[in-house]
Amino acid sequence: MNSVLQAEKLLQNPALLPGLKIIGEKILKKERLSEADALLLFEKGSLAFVGALANHVRERLHGDTTYFNRNFHIEPTNVCVFSCKFCSYSRLYAKREDGWELSTEQMMHIVKSYDGKPVTEVHIVGGVHPKMNMQFFMDLMRQIKAHRPELHIKGYTPVELDYMFRKAKVSAEEGMKQMKEAGLDSLPGGGAEIFHPEIRQQICDDKVDAEGWLRIHEAAHNLGMHTNATMLYGHIEKYWHRVDHMKRLRDLQDKTGGFNTFIPLKFRNKDNEMSDTPESSVVEDMRMYAIGRLFMDNFPHLKAYWPMLGRQNAQLTLSFGVNDIDGTIDDTTKIYSMAGSEETNPSMNTAELVSLIKQARRKPVERDTLYNVITDYSVTAVEREVAG
Ligand code: V47
Ligand code: SF4
């Protein structure tokens, strides 16, 4: 059965709550969901219902195409001046001798180790170290671009940028302009967590707030840069905090159109100050992805970060609205392995990732950061050669 018929059939169920039926009809008519609609879906929508609708939207937008990209990570340091309660990764600045700090030479050595390998992106992500200031990172990016100009640099969250900009006494707009000139191409989605102050104050009260996070992404968008947005879900927040978070992102996207991808991140509770907080179930995870797909109607892409979810659950998300799996990462960031992710050694080569997507009966397509197609793996190597 195709996804339209499947969704229409669901709406004919006489036992369906009238509110849910209206939501279903809105989705079929491509109308926008309200915050109340999203809340109702979280509270009353069965997994089958939200899943079928999200799958319908996913197939309307992308068919079976499932994107992945080949990137590598550089983690400049795990020393951090902030103290997020969910973080299993950082070492406080006061105890910095327990952590690591890479020099520019060491980071360039990592970049050079990928010479000749078909990676298209470097993702720079780490703690907030006072000595690693704007000049330090601008110098690093200039060296990366001098060595490999076509490598896309996706790096720094507003947590790092806000700290750097305040130290350098520059505005978000001026700071982003300078970082772009030095080689920064786009921003990853991290640091967003949950925007609402009621939760933010309890889990990460000393880093950039919602307004600061959104202002930096807006400044990037105004410079023509594309960015991602995350949401750390499944801890102490309520459903309405998630809806509030998504609404703020959707509003900014209406204004700028600069976001590429929404990435819900499942909270993992190992080795952090929130170890007593239980993790969400797989059903809740799939519900989160599905409602993300339905509510974030102006975000082209929804990504599952497989090192955090595990391979099998990431495969499942492909039926719940997700059209992107990050990524062919050889050396996955330690943030996840330290927080108790499913994967003890979360690396996957292209063949494994392609087969994972094919097992879910989807079409694997390698993309660059901006979703330009690099290779369509649903056709055979011979067909690709003939097509040139
Ligand atoms: O902001 C930290 C999260 C994020 C935990 O843009 C945790 O393509 C779960 O944003 N449990 C940083 N999550 C990583 C990030 C990211 C990752 C992959 C791709 C992209 C992209 C962005 O990691 C932080 C925080 O929300 N995080 N600790 C934890 N215990
Ligand atoms: Fe620092 Fe990021 Fe960890 Fe927060 S999540 S303590 S900002 S490394």
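1. Start with the shell around ligand 2, which divides into seven nonpolar residues, two polar and one charged. For these classes, Ala, Val, Leu, Ile, Met, Phe, Trp, Tyr, Cys and Pro count as nonpolar, Asp, Glu, Lys and Arg as charged, and the others, Gly among them, as polar. The residues that surround ligand 2 are Cys80, Phe82, Cys84, Phe86, Cys87, Tyr89, Ser90, Gly127, Val159 and Lys207. A residue is taken as near a molecule if one of its heavy atoms lies within 4 Å of it.

2. A word on the ground rules. This is a predicted model, in which local features need pLDDT of at least 70 and side-chain atom pairs count only at pLDDT 80 or more, while totals for chains, interfaces and linings use all residues. Residues are numbered from 1 along each chain as its sequence is written, chains are lettered from A and ligands numbered from 1 in the order in which they are written, and side-chain values use heavy atoms, with hydrogens and water left out.

3. Now the whole chain. Its secondary structure comes to 17 helices and 13 strands; these are DSSP runs (helices H or I, at least four residues; strands E, at least two), numbered from the N terminus. The protein chain has a radius of gyration of 21 Å, close to the 21 Å that the globule rule gives for 388 residues, so it is as compact as a globular protein of that length. That radius is taken over C-alpha atoms, and the globule rule is 2.2 Å times the number of residues to the power 0.38. Along the principal axes, the C-alpha atoms fill a box of roughly 65 × 55 × 40 Å.

4. How much of the protein chain is buried? Of its 388 residues, 58% count as buried, where buried means under 20% relative accessible area, exposed over 50%, and partly exposed in between (1.4 Å probe, protein chains only). As for contacts (heavy atoms within 4.5 Å), residues 24 or more positions apart account for 75% of those in the protein chain with a separation of 6 or more.

5. On to the pockets. The largest pocket holds about 260 Å³ of space. Its lining is made of 14 residues, of which Cys87, Ser90, Arg91, Leu92 and Glu273 lie nearest the centre. Cys87 and Ser90 are also among the residues around ligand 2. By class, the lining of the largest pocket has five nonpolar, four polar and five charged residues. The grid behind all this has a 1 Å spacing and covers the protein atoms alone: a pocket is an open set of points with protein on both sides within 12 Å along at least five of seven lines, a cavity is a set of points where a 1.4 Å probe fits but cannot get out, and lining residues have an atom within 4 Å of a point. Grid points are joined across faces, edges and corners, and a volume is the space filled by probe spheres set on the points.

6. The second largest pocket has about 210 Å³ of space. Residues lining it include Ile27, Lys30, Val57, Arg60, Arg293 and Asp297. Helix H4 (47-62) and helix H12 (282-295) are the elements that give two or more residues to this lining, and H4 gives the most, with three. The classes here are six nonpolar, no polar and six charged.

7. Have a look at the cavities too. The structure holds three of 30 Å³ or more, and the second largest cavity has a volume of about 90 Å³. Of the 14 residues lining the second largest cavity, Lys154, Asn228, Asn260, Thr261 and Thr369 lie nearest its centre. Strands E7 (186-187), E8 (226-233) and E9 (259-266) each give two or more residues to that lining; E8 gives the most, with three. By class, the lining has three nonpolar, seven polar and four charged residues.

8. Lys169 sits in the loop between helix H7 (158-168) and helix H8 (172-182) and is exposed, with a relative accessible area of 75%. Arg361 is in the loop between helix H16 (350-359) and strand E12 (363-367), and counts as exposed at 65%.

9. Is Val208 buried or exposed? Val208 is buried, at 7% relative accessible area, in the loop between helix H9 (197-203) and helix H10 (210-222). Leaving aside residues up to four places away in sequence, Val208 touches Pro158, Val159, Asp162, Arg200 and Trp213.
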